[in-house]
Amino acid sequence: MNNDFELDSLIKKMAAEHRPELPSPGLVWWRAQILEKQAEKERAERPFTIMRLVAAAVSLVVIVGLWSSQSGLVRDVFGRLTMLPFMPLLLAGAALGLVVMALMWWTTSEA
């Protein structure tokens, strides 16, 4: 119990001796300028971000719509044995396309 008392008194002593300092006016102004520029950048990029999301949603709706309207034809094309040798190439192309789209999305969101 003696250690708890010493710890409490040490914490109170440290709190009483602490004198916070305000940053310099120049530093406050510099930080405000940086925050203002970031806000302007976000405002300028907001329409592009919205349009990117709208384009992705419309593309998804179009793909699902085409797939559902042509599902019988798609099954016939993928079901044929003549398509079998080209299936790995088709899957590799689709995977490469997805990777490229993901990289494009990632680099534009970080910039």
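Reader: Which helix gives the most to the lining of the largest pocket?
Author: That is α2, with six residues. This is a predicted model, where local features need pLDDT of at least 70 and side-chain atom pairs pLDDT 80 or more, while totals for chains, interfaces and linings use all residues. Residues are numbered from 1 along each chain as its sequence is written, and side-chain values use heavy atoms, without hydrogens and water.

Reader: What makes a residue part of a pocket lining?
Author: On a 1 Å grid over the protein atoms alone, a pocket is an open set of points where a 1.4 Å probe fits, with protein on both sides within 12 Å along at least five of seven lines; a lining residue has an atom within 4 Å of a point. Residues that pass here include Ser59, Trp105 and Arg52.

Reader: And how do the lining residues divide?
Author: Into nine nonpolar, one polar and one charged.

Reader: Where is Val62, and why is it called partly exposed?
Author: Val62 sits in helix α2, residues 25–69; a helix is a DSSP run of H or I, at least four residues. Its relative accessible area is 44%. Buried means under 20% and exposed over 50% (1.4 Å probe, protein chains only), so Val62 falls in between.

Reader: How many helices and strands does the chain have?
Author: Four helices and zero strands, in the pattern α-α-α-α.

Methods: Helix = DSSP H or I, 4+ residues; strand = E, 2+ residues; numbered from the N terminus. Nonpolar A, V, L, I, M, F, W, Y, C, P; charged D, E, K, R; others polar.
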